[in-house]
Amino acid sequence: MLTNILDYLKHSTEKYGDKTAFSDSADSVTYRGLDVLSDSIASFLMTEIPGKNEPAAVLIDRNIQSVVSFMGIVKSGNFYVPVDSQLPPKRISLIFETLKPKAVIFSEKNRRLLESLDYEGTAVLYEDAAGFPPAREAIAARRRGAIDTDPLYAIFTSGSTGVPKGVVVSHRSVIDLIENFAQIFDFQEDCVFGNQAPFDFDVSVKDIYSTLKCGGRMHIIPKLFFSFPGKLITCINEQKINTIIWAVSALRIIENFQAFEKERPRTLRTIMFSGETMPCKVLNYWQQKLPDAHYVNLYGPTEITCNCTYYKVDRHFLDTDVLPIGIPFPNTDILLLDKNHLVTDPDVTGEICVRGTSLALGYYQNPGKTAEVFCQNPCNNNYPERIYRTGDLGRRGTDGLYYFLSRKDDQIKHMGHRIELGEVEAVISALPFIHAACCLYHEEKETIVLFYQSAEPCQRELMKEGGKILPKYMLPSRFVHFHSLPMTKNGKIDRTALKEDYL
């Protein structure tokens, strides 16, 4: 029985020791090299952190040193917290105030940043730790004392109060997810994953641990390439990448630029996407250009360990259709709740709630918020049973598949009608001249505001074409054009920025 993700590293090192495990644009590391380097980092950390299950932050860059650091922290008996070195220093300080990390691993290039944070704990220079003599007996002793519900990592997400929330996830939850991925999607040792997601975004968890599980290889694609689709496609071909688990926005970039007209990926066979609703218009472009690839829609927030449902695309969808989020992963259950009542009828809206071992441990140093959303199942009064309330609205269709509708706070009452803003977005996004769209509601002015990305402003065309599908009361009454919509660092439309700047 697997109890720790280090079991994956141990198995793959024994079987594929000299095979490249991770690579970036400048360097690579074999499984054996990863094992040796992470032993050194773990040994260094154990001289500085006497306890276990303590947080150790990593000022991450998009390179293999970040992955090596993660493994070293885990081997030391602690849990890692990726912190993007490109974040504003004030935001990093907010994270550190909550986390109070026992140690921070940094590279020489990030020394000034760390010094600017007034961090008073143990600062660990990666280059020093990577050369430290390994204490393998001490590492083994730490490993023997570990259990599967120990924390593996914490990822900080945005908080409604302006203070980031640290989602703490256990080994058990990640093992459940990765075992399901390997079985359902047939990940084998020949898998070459093309990593797009930042390491402080949970999509990367699937890349890293699927690689370790199946003995494959993961190539870290430079962030810059996602602004130059031609370079991105060349990278895929040069690295022989055959599996991608990307944010929807990354696939949308390819469609927006019509990038496959010049060159197409020759090796891609599995294309998975998550993070936002996938417009069927974008999916259809990819399927038309790469018809032999397998496409999978993934759904789930960070709090349930990346994903709780999946849908293997098995039929054609019209541009105006809504893509299902599919069915739950094994050992995961989806509840649709109307307040505290279970929704059982098809096509009736409810809040998507999740139960199972996929649930995160909670929010670090935030018991109030943890209790609010990781709460007792209201349908079970017989014994304690946690569920996670996602805040997303969904429905189960007559086909037995689940469908995401919108966020709870995106459901509005306008002109006497209850409206899902996600439905408006889906219709507008399907129009051929629209690259991306986002709807917000201005409550004081009772106005639906559409933020849209296109080559040129096209309000008249939007009203005309949108009016062919949407009733008049659902049509936006204010339009804001962008050549490029603002995005979060995780590749989602930055709704908070739009709300602050335009509403």
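Which helix supplies the largest share of the lining of the largest cavity? The largest share, 3 residues, comes from α7.

The structure is a predicted model, in which local features need pLDDT of at least 70 and side-chain atom pairs count only at pLDDT 80 or more, while totals for chains, interfaces and linings use all residues. Residues are numbered from 1 along each chain as its sequence is written, and side-chain values use heavy atoms, with hydrogens and water left out.

Helices are DSSP runs of H or I with at least four residues, numbered from the N terminus. Cavities and pockets were located on a 1 Å grid over the protein atoms alone: a cavity is a set of points where a 1.4 Å probe fits but cannot get out, a pocket is an open set with protein on both sides within 12 Å along at least five of seven lines, and lining residues have an atom within 4 Å of a point. Grid points are joined across faces, edges and corners, and a volume is the space filled by probe spheres set on the points.

Across the whole structure, 3 cavities of 30 Å³ or more are found. The largest cavity has a volume of about 120 Å³. Its lining comprises 17 residues, with N4, V74, G77, A146 and D150 nearest the centre. Both α3 (64-75) and α7 supply at least two residues of this lining. By class, the lining of the largest cavity has 6 nonpolar, 6 polar and 5 charged residues (Ala, Val, Leu, Ile, Met, Phe, Trp, Tyr, Cys and Pro count as nonpolar, Asp, Glu, Lys and Arg as charged, and the others, Gly among them, as polar).

Helix α7 (residues 136-144) also packs against helix α2 (residues 31-48): their axes come within 10 Å and cross at roughly 80 degrees. The two helices are therefore roughly perpendicular (65 to 115 degrees), with axes fitted to C-alpha atoms over the stretch in contact and angles running from 0 to 180 degrees between N-to-C directions. In α2, V36, D39, A42, S43 and M46 meet R136, A138, I139 and R142 of α7, where contact means heavy atoms within 4.5 Å. This contact has 5 nonpolar, 1 polar and 3 charged residues.

The second largest cavity has a volume of about 70 Å³. It is lined by 13 residues, and D176, L177, N180, T332 and S358 are the closest to its centre. Helix α8 (residues 171-184) contributes the largest share of this lining, 4 residues.

The second largest pocket has a volume of about 1,000 Å³. Of its 40 lining residues, K223, F226, S227, I253 and K489 are the closest to the centre. Helix α11 (residues 248-256) gives the most to this lining, with 5 residues.

Definitions and conventions
Angles under 35 degrees count as roughly parallel, over 145 as roughly antiparallel, 65 to 115 as roughly perpendicular and the rest as oblique.
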